[in-house]
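Welcome to this short tour of a protein model. Have the coordinates open as you read, and follow along from strand pairings to charged side chains and backbone geometry.

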Amino acid sequence: MHRTLRRWAARAALLSLPLLGLALPAAGSATAADDPALDWANYERITLSKSVGEPIDLAVLPDSRVLHTARNGDLRLTDPDAGTTTVVNRIDVYRNSEMGLQTVTLDPDFAENKWVYLYYSPPLDTPAGSAPQTLPAGEDDSYWERWKGHDLLARFKWTGDALDLSTKQEIIRVPHNRGQCCHVAGDVDFDADGNLYLSTGDNTPASGPNVNGYAPINDAPGYNPGLDTRRGAGNANDLRGKILRIHVEPDGSYTVPDGNLFPPGTANTRPEIYVMGLRNPFRIDVDPATGALSWGDYGPDAGTANPDRGPMGYVEWQTTTKPMNGGWPYCTGDNSQPYHDFDFATLTPGPAFDCSAPVNDSRWNTGPSVLPPAVPATLWYGDRDTDQPWPELTAFGPAGGQAPMGGPVYHYDEDNPAGTKFPAHWDGKTFFGEFSQDYVAAFTTDGPDGPVSKLENFLPNADLTAGGQPIWDNPMDLEFGPDGSLYVLDYGDGFFRENPDAGLYRVDYAEGNKTPNAEFTASKTSGHGPLEVAFDAKRSSDPEGRALTYEWDFDGNGTYDATGTTATHTYTDNGQFQARLRVTDPQGLSALASRQITVGNTAPTVAITTPGHGGFFSWGDTVPYEVTIEDPEDGPGGIDCSRLSWTFGLGHNEHAHPVDSGTGCKGTVTTPEDAGHGATENVFGVLGFTYSDAGGTDGVPALTGEAQLVLNPSLLEAEHADAQSGVEVADDDSASGLRKVTSFDEGDRLAYDPVDLSGISAVKTVAAGAGKLQLRWNSAEAEPFATVEVPAGDGWQTVTTALEDAPSGTGRLYVTSGGGVTVDAFTFVGAGFADRTGPEITVSGLTDGTRYGDSATPDLRFAAEDAVFGETTAAATLDGVAVDAGELELWRLPLGAHELLVTAEDPAGNGTTKTVTFTTGTSFADVRQLVERFHRQGVITDEGAERLVERIEQARVQSERGHETQADKALAKFAATASDRKLVKDAEPSAALVRDAKALRS
């Protein structure tokens, strides 16, 4: 279910990969013996830096130093020779979903002109938070204008150690919708003629109402235009979902070279477009030798085809020397299974799109309606080996999901003096990274426009593990350096942050002795001086297992201050220091690692109070959160909650789509109405928090603390367990996720991790067969805290099991079996950590079940207080008519029974009502009080008041004496007087007095 928690299973599976029967070159194989280039023991994957932030893109400088970006705007410089990584520039960026700092690219003439290109989202005046999916009440389509922004490609001069931000030249803006997920793409490359290629994403969420993993083409009235990818990727007059081709001039302006998809002057088109119809071409490459442009394009997430909607989700890799339409959102793969039109207003499917002439009839389209023909992909693949003609694309990696990363073409240079350059075997081959499946492949093409004739699994993780080297772990970017080595940026396991497994690596060809791995821990990385730090390098290793020597440079000044596996140093001066470790093997090969030590400021600690890690929710729920922050410098009174930012993401297999963000130490997160990924997909919630403090003493920079958790959807498919032992997963169209877990015998188990059962009262198990399942906590051998008894019967049965003895806190949930049961899914019953409770309503002034005299004027007050949102607006009706709080004149109501109904709804949509029933009547005292009140108000004349008081008093006295006839006569005279409009000026009080007299007479 959750990538960060199934790593051990994936690594175990790597060792069994050869059992698939594929011809995968491996150390010691005949193929490897014939060609040393295929002996994986001749390669090494060297860690250059673990300080990469949330890693996005890299560029190798001519001196083999590496620039790399993080989404938050940090540009880092890693110096492999020094073993250091520093943030050399911070770009001010707009952060929401996947927007932020994207690519960094060197100009082809960088050695002379020093230009470095960045593609990023400038802040602008975009509203905070996320845009709604539908128009707010009272708004029209002009509302969406406030959410418009742009991404920017600009270039800056490199000084040797940083960018000179004052030299900025703005090149091109790509307009987009903000406040929503997803698909920014944003890669840059150049051809041999100096033309610049920029890839852009379709700026459309992966999920959305009723998308279900198919084409998001929702232009229904009232919906956010960002839900319709036809406005961008399918629009020839828009720069989104494209690869642009321009030529940048010396002043930063650009011209359009000949040969793009739409010649200049073509009506309602953008001449910059070279390729259109793309979803998220995250990584592109231009081979300067052949002019071939290649890219990987992410696809939608439907796990199965739907005859009314379109094919299952395919991802693509393409290579071309000609402008083209990639087909999105109309066609995919080989175009044999086009998507269908779909009316999101009526939820009615339409005909299949014509891939030879797709028609864009979106109301947001500003370009031609008839588009160029869709070109089939060079390669495409789905979930499984049988979903495409190339089973290798899902067999090379044991993990699930599809996430194609285009990569570079390698050109062997015999004259390159670097001894670590890749061998000639890889000459002309295109390298490719699979982010979700953790592998890198090499493609052999028969020409620059394809087809692919050979796929090779390059340096498999099983061999890296056997050699004691770091594995491919969500490869994010690949680039060959001037030394002929492959530089790799790994995202690692996790979401939206610097994950522990993230890093910058270099792959060298190195026969024989391998470079050791330098790694160390520090007891403290921040604090106030004197700051004593204990360093420990025991985790360093040598691939050959030989003894290493250890040298420590505590302040990064180039002088080594101590030796040994462990060392201690006390920092006295304020500042930031690069503590460095150098390890050397007996043959003299060395490796460096560094870690920043900050003196004069202490990193804040972020702790999540609620929700719990692994807690449950349902799509569409609002989930309250609360975070506590400790920071010695800011102090309890100095915590600025506006600096606490959060991101909620839709986790999907091995990656996540950020869908919402905000700030504040306490608040709520509203989850999407549906996951939008199709029935087969493993989707969950990810909630992350980041707090940056105010900085330290003597100008010491601010530091950041982070925390993150996973939220489980209430429906957990059996086949999506984080770990499985002994069971098999089989297709079944009758199962909720179209798959089931079979062969669930005694001793077998499923495990879900993390799980927090707070707010869960029961579990509904959908299963077939007859037998028992046990729920256990943190161990498959622990005593069961609940037992699911599946009775004999035909087909799927739903069994509800109370969880009265459920454990507390976060743990690992095991499901074991006594045999005889096939399992479809588990649904956890209860709110979990979601807010499903409406506000509490209080009413004063009226008491339920009370009789009031109609002369009373109760002070009606009502209010609503929500446990999550605080004070909430309440509204009331009295006998079905809206009523405001304040003095309530009961004489205006008919005599008899009445109902006050107070309603309130919190921002999460949880409503509450409170009803107060009461009756009104009258008496001689009430009538006299009304006469006197109306007199004071000028409604009754002096003469009228005198007569009415006299008449009502006569009636009261006679009634008390039991003389009902006389009392009746007095009341009749009272009514006649009250009807005299010369004495009682207003009709409504007159009628009320007559009514009361009649009531007293009866």
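## Strands around β64

In which sense do strand β57 and strand β64 pair, and over how many bridges? Strand β57, residues 850–853, runs parallel to strand β64, residues 911–921, and four bridges link the two. Please keep in mind throughout that this is a predicted model.

One of the places to look at is T919 in β64, the bridge partner of R851. T919 also has A897 standing opposite. Strand β63 covers residues 896–905, and its pairing with β64 is antiparallel, over 10 bridges. So β64 pairs with β57 in the parallel sense and with β63 in the antiparallel sense, as strands of a sheet can do either way through backbone hydrogen bonds. Five residues sit between the strands in the hairpin of β63 and β64, and in this hairpin G909 has a positive phi near 90°.

What is the nearest side chain of opposite charge to D483, and how far away is it? The answer is R506, at 4.7 Å. The cut-off for a salt bridge is 4 Å, so D483, although buried, has no salt bridge. D483 belongs to the loop between β26 (475–480) and β27 (486–490).

The D483 side chain has polar partners to inspect. With the side chain of Y487 there is a polar contact at 2.7 Å, and the backbone nitrogen of S485 is reached at 3.2 Å. Beyond the neighbours within four places in sequence, the residues in contact with D483 are S64, N416, A418, T420, K421 and R506.

## Salt bridges

How many salt bridges does the structure hold? The count is 45. In general, side chains of opposite charge can pair when their charged atoms come close.

Among them is the pair D542 and R546, with an N to O distance of 3.9 Å. D542 is buried, because its relative accessibility is 9%, while R546, at 32%, counts as partly exposed. Another is R643 with D634, at 3.1 Å from N to O. Here the arginine, R643, is partly exposed with 26% relative accessibility, and D634 is buried at 13%.

A further one lies in helix α7, residues 942–960, where R956 and E960 are four residues apart and therefore separated by about one helical turn. Their closest N and O atoms are 3.0 Å apart, forming a salt bridge. R956 is partly exposed, with a relative accessible area of 26%, whereas E960 is exposed at 59%. Through shared partners, salt bridges join R928, E932, E953, R956 and E960 into one network.

## Backbone geometry to check

N335 is buried, since its relative accessible area is 13%.

A cis bond also runs from D753 to P754, where omega is near 5°. P754 sits in strand β49, residues 749–756. In strand β48, residues 739–744, you will find S743. This serine, S743, has a positive phi near 50° in a residue other than glycine, and with a relative accessible area of 31% S743 is partly exposed.

Methods. Residues numbered from 1 in each chain as written. Predicted model: local features only at pLDDT ≥ 70, side-chain atom pairs only at ≥ 80, totals over all residues. Heavy atoms only, no water. Buried < 20%, exposed > 50% of the residue type's maximum accessible area, 1.4 Å probe, protein only. Lys, Arg positive; Asp, Glu negative; His and termini not counted. Polar contact = N/O pair within 3.5 Å; in protein donor to acceptor, adjacent residues only side chain to side chain. Contact = heavy atoms within 4.5 Å. Pairing = 2+ DSSP bridges.
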